[in-house]
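Visitor: I'm new to this. Could you show me how to read a protein model?

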Amino acid sequence: MVRRKLLKLSKNLKAIGAGKILKYLLSDIKSARQSLFVVGPWIDSYFAEKIVSSLRKNISVKFLVRCSEHDSQVSRIVTLSSLSIIRNCVANFEARALSNLHAKAIIIDNKIIYAGSVNWYKYSLEHSLELTLRMRLSYVPGLKRILDKYWKEASPIPEKEFRIAMRSKPFEIDYEILDPLARKVLEENPKAFIKRIKK
């Protein structure tokens with residue numbers, strides 16, 4: 001009995017490493033029939049265009065991003081202009097912002113969830129050493145409650161923000177965005193450092 005449960009769990013829970021997340025994600029998005037809920041601080045045009053090319057037109061799409069005044073102007077504008085790409089192609093679209101958002105997750109049809117360290121932009125999806133779990137949402141019901149709470153706490157992105165961002169051409173983020181909190185810690189503490197593994 002326990003062995004059968006573990007076997008079922010292993011078939012429905014997958015750890016996905018660097019450079020492979022997008023392949024699995026787009027396959028699930030192509031199969032989506034009802035909804036897509038994307039949570040992450042930033043997105044870029046690379047991710048936005050991949051989403052648009054994979055989505056059915058009648059899907060309900062929600063994006064929860066950061067777009068904080070503490071973020072760099074570049075990451076803010078890129079995120080908003082990339083959201084506009086999706087907004088212009090999807091009939092049922094909503095976007096909200098939460099100033100201290102750091103979570104990264106995607107829920108598809110309220111059945112499948114991707115959660116982990118990956119950001120929804122090119123560098124993180126293609127080059128950074130990330131780890132993401134793909135699983136049935138029913139295995140982690142508390143996760144959906146947390147993300148729904150974040151959504152309720154978030155503010156709708158005003159139309160004027162989209163209009164300002166539309167003046168800029170969307171582009172790919174091909175570098176690692178340093179979280180403003182991490183940057184602040186590094187600036188305030190000269191002994192702090194970010195450890196990187198040399199290849």
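Guide: Let's go through a few features in turn. This is a predicted model, where local features need pLDDT of at least 70 and side-chain atom pairs count only at pLDDT 80 or more, while totals for chains, interfaces and linings use all residues. Residues are numbered from 1 along each chain as its sequence is written, and side-chain values use heavy atoms, with hydrogens and water left out.

Visitor: Which residues of helix α2 are buried?

Guide: Buried means under 20% relative accessible area, exposed means over 50%, and partly exposed is in between, using a 1.4 Å probe and protein chains only. Helices (H or I, at least four residues) and strands (E, at least two) are DSSP runs, numbered from the N terminus. In α2, residues 21-30, the buried ones are Ile21, Leu22, Leu25, Leu26, Asp28 and Ile29. Look down the axis of α2 and these buried residues fall within an arc of 160°, so they line one face of the helix. That arc is taken from the directions from the helix axis to the C-beta atoms.

Visitor: What does Thr132 touch?

Guide: Contact means heavy atoms within 4.5 Å. Leaving out residues up to four places away in sequence, Thr132 touches Lys14, Ala15, Ile16, Ile21, Tyr114, Ala115, Gly116, Ser117 and Val118. Thr132 sits in strand β7, residues 132-136, and counts as buried at 1% relative accessibility.

Visitor: And what is a nonpolar core?

Guide: Think of a set of buried Ala, Val, Leu, Ile, Met, Phe, Trp, Tyr and Cys residues joined through side-chain atoms within 4.5 Å. The largest one here has 39 residues, and those with the most contacts inside it are Leu36, Phe47, Phe63, Leu83, Ile86 and Trp120. A second, separate core of 14 residues includes Leu64, Met135, Trp151 and Ala154.

Visitor: Where is Phe171 found?

Guide: Phe171 is in the loop between α7 (159-166) and α8 (180-188), and is partly exposed, with a relative accessible area of 39%.

Visitor: Okay, now the backbone. Which phi value does Asp109 have?

Guide: Asp109 has a positive phi of about 55°, although it is not a glycine. Asp109 lies in the loop between β5 (105-108) and β6 (112-116). Asn110, also not a glycine, has a positive phi of about 55°, and its place is in the loop between β5 and β6.

Visitor: Are these two buried or partly exposed?

Guide: Asp109 counts as buried, at 10% relative accessibility. Asn110 is partly exposed, with a relative accessible area of 45%.
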